[in-house]
Structures are given as structure tokens and as C-alpha cells.
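Welcome, and please open your viewer. Keep the selection panel at hand, and we will go from stop to stop together.

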Amino acid sequence: MQLSNYHSHCTFCDGRSTPEDFVKFAISHGFRAYGFSSHSPLPFETFWNMSKDDMPEYLAEINRLKTKYSNRLEIYTALEIDYLDETYNPSIAYFRKLPLDYRIGSIHFLPISEHLCEENMVCIDGSFTDYKASLDHYFEGDIRKLVARYFDSTMKMIQAGGIDIVGHMDKIYMNGHKCEGFSFDADWYQEPFRATLDLIAEKGLMVEVNTKNLVKKQQLFPRKEYLGLLKEMNIPVMVNSDCHYPDLVNDGREEAFKLLKEIGFTTTRELVKGTWQDIPTGE
Ligand SMILES: [Zn+2]
Ligand SMILES: [Zn+2]
């Protein structure tokens, strides 16, 4: 089992500890590689995204840690970049020019207007109460419409490019599965979900197996039942904890690797000395 994590947060965004605290935890638990992926700056300020002004300090701090711990841990600088719309997403020049080791593309917000401000965002990654309120207000309470919109945004993000890894690719189900009329088996869910995977495969992107909710809620992103499909499609995966607290760096990793091996994955895609490689999952 690889002891690596490429999706993590720290005090530069909504993580609850300094980058160095996460590094210390990773080292003390025998990790080989650790990547920071703060929530990217947005055109508006939120409590959980990085501010653009902090970018130089973020890059400098991770570089300092790279040097300080160079003989004990491979440390990588990345971002989890939001796709909002055609004008603000991972493919824009601002993100492409940043000196990052890799980029995760994620959907947290669906804008309901061209004017990009927090009031015009439907957040799909917050509380169920807020999700349900947005569903009722902007999608006529029809979960099919919200699911369609989510996968449409995800596919536009993949088409636009500027990313290496698709983050928590089906997070829409976290709150969505509790809504009236939701069904994983319905065509309106299966078709866009599978079309998204087809596009990921076509573009040669990686998909993370996100364990943030695995121990707590037995939820994996992508959903456990679909990992076999990723295997069939030869989509490369790695296991990420998406941790916001140092003691959750390793949360769910063992269980996720067990699942991957049961399904037939013999390798995960890993960053080794700066190059993505397929590394055996081992015994
Ligand atoms: Zn995320
Ligand atoms: Zn994250």
C-alpha cells in the first residue's frame, strides 16, 4: 500500500493546521509522498478558499518544507482548483502560470448567473439543508436537473483542461442521494456519469479515490460500486484523504486499498521524484 496523499488542505485555506503539522504527521506515519492542494483563489472571497494575495507565501512555504524535509518525505505543491464557468477555471492563464507540481480540478459551486459572486453560487459540498434549499429554489426541487447540471460542469472542466486529477468526481451524490426521486440506477444518473468517465479516459486524466467520508459515512468518491468500471476503463487512480486535520492524513487509506485490490487494481498512479508512475498496490 502506498503511503501517499495528494489532496490536502492547511491553514492557507480551510485546513485546521499549518502545512508543517501535516508534514510532521506524514513523516511520523512513514509516508513516502505528500501533496498540498489548497482550495484555489476565487473571484470572490469565501471562508474556505485561498486568497490570491497569499499565493506567493503559500508557494514559498511549501518550498521551504520541500527543502527542510527533502531526505524524509517527497513534498509536492498543488492546488484544488474550482471550475466555475468558461471564464474562471483551471485552464485560465493565472492557474497555468503558477509553478505547481500538479492540479486537481473539482466542482464545489454551480453559478446561477454570469456574475460570479458567492450569492450566485449553488454549493454542492456544504450542508444538506443548504443543498436542499438551492435545489428547491433554482432547480424546481428536481434532483435530476441538479445532477445534470453538475455533470455538465464536470465535463466542461475536463474539456477546458489545465488539470491532472479529477477531484471527488461524483460528490453530487453526497447530498443528492438523500433527495426525493434520486436514483443511481436511473438513466438520468448513469448516462452523464458514464459520459464523464468516457471523457476522462479520452483525455488521459487521473481520478482520485477520495476517502474523506469513508470512515465517517462509508461514502467513497467515486462511489464504491463504480470502481470496477474505472478499472475496466483503465482509468488511473490514487487514494487521497482530502484531509483538513493532520490526524486525518491517513484516514480511510487502508480500507480504500483493500477495496481497490479486491476489485482487481494491481497498481495506483503515484508521483515519484516528480514523475507519475504506476506503482504496485502490493500485499
Ligand atoms: Zn473538494
Ligand atoms: Zn479538498
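This is a predicted model: local features need pLDDT of at least 70, side-chain atom pairs count only at pLDDT 80 or more; totals for chains, interfaces and linings use all residues.

Residues are numbered from 1 along each chain as its sequence is written, chains are lettered from A and ligands numbered from 1 in the order in which they are written, and side-chain values use heavy atoms, with hydrogens and water left out.

**Stop 1: the zinc ion (ligand 1)**

Select the zinc ion (ligand 1) and show its donors: Glu80 (OE), His108 (NE2) and His168 (NE2) coordinate the ion at 2.1 to 2.2 Å. Donors here are N, O and S atoms within 2.8 Å of the metal (3.2 Å for Na, K and Ca), and since water is not among the atoms, sites may look incomplete. Along the sequence, the spacing of these donor residues reads E-x27-H-x59-H. His108 sits in the loop between β4 (102-106) and β5 (109-111), and His168 in the loop between β7 (165-166) and α6 (172-176), so this pair links distant parts of the chain, 60 residues apart. The helices named on this tour are DSSP runs of H or I with at least four residues, the strands are runs of E with at least two, and both are numbered from the N terminus.

Are the two histidines, His108 and His168, buried or exposed? His108 counts as buried at 0% relative accessibility, and His168 is likewise buried at 0%. Buried means under 20% relative accessible area, exposed over 50%, and partly exposed in between (1.4 Å probe, protein chains only).

**Stop 2: the zinc ion (ligand 2)**

Now step across to the zinc ion (ligand 2), 3.4 Å from the zinc ion (ligand 1); Glu80 coordinates both. The donors of the zinc ion (ligand 2) are His7 (NE2), His9 (NE2), Glu80 (OE) and Asp242 (OD), at 2.1 to 2.3 Å. Because the 4 donor atoms subtend angles of 80 to 167°, the arrangement is irregular. For four donors, tetrahedral needs all angles between 85 and 135 degrees; four count as square planar and six as octahedral if opposite donors are over 155 degrees apart and all others between 65 and 115; anything else is irregular.

His7 lies in the loop between β1 (4-5) and α1 (19-28), and Glu80 in strand β3 (residues 74-82), so the pair ties together parts that are 73 residues apart in sequence. His7 is buried at 0% relative accessibility, and Glu80 is buried at 0% too.

Stay with Asp242 for a moment. Its place is in the loop between β9 and α10 (253-263), and Asp242 counts as buried at 3% relative accessibility. Asp242 also has a positive phi of about 50° although it is not a glycine.

**Stop 3: helix α1**

Select α1 next. Seven of its 10 residues are buried, so α1 is largely enclosed by the rest of the structure. Among them are Phe22, Val23 and Phe25. The buried residues of α1 pack against β2 (33-39), α2 (55-68) and β3.

**Stop 4: Asn120**

Asn120 is in the loop between β5 and β6 (121-123), and is buried with a relative accessible area of 15%. Which residues does Asn120 contact, leaving aside its neighbours within four places in sequence? They are Leu110, Pro111, Ile112, Ser113 and His115, where contact means heavy atoms within 4.5 Å.

**Stop 5: backbone details**

Select Phe221 and Pro222: the peptide bond from Phe221 to Pro222 is cis, with omega near -5°. Pro222 is in the loop between α8 and α9. Then move to Asn234, in the loop between α9 and β9 (237-240). Asn234 has a positive phi of about 55° without being a glycine, and counts as exposed at 64% relative accessibility. For context, most residues other than glycine have a negative phi, and most peptide bonds are trans.
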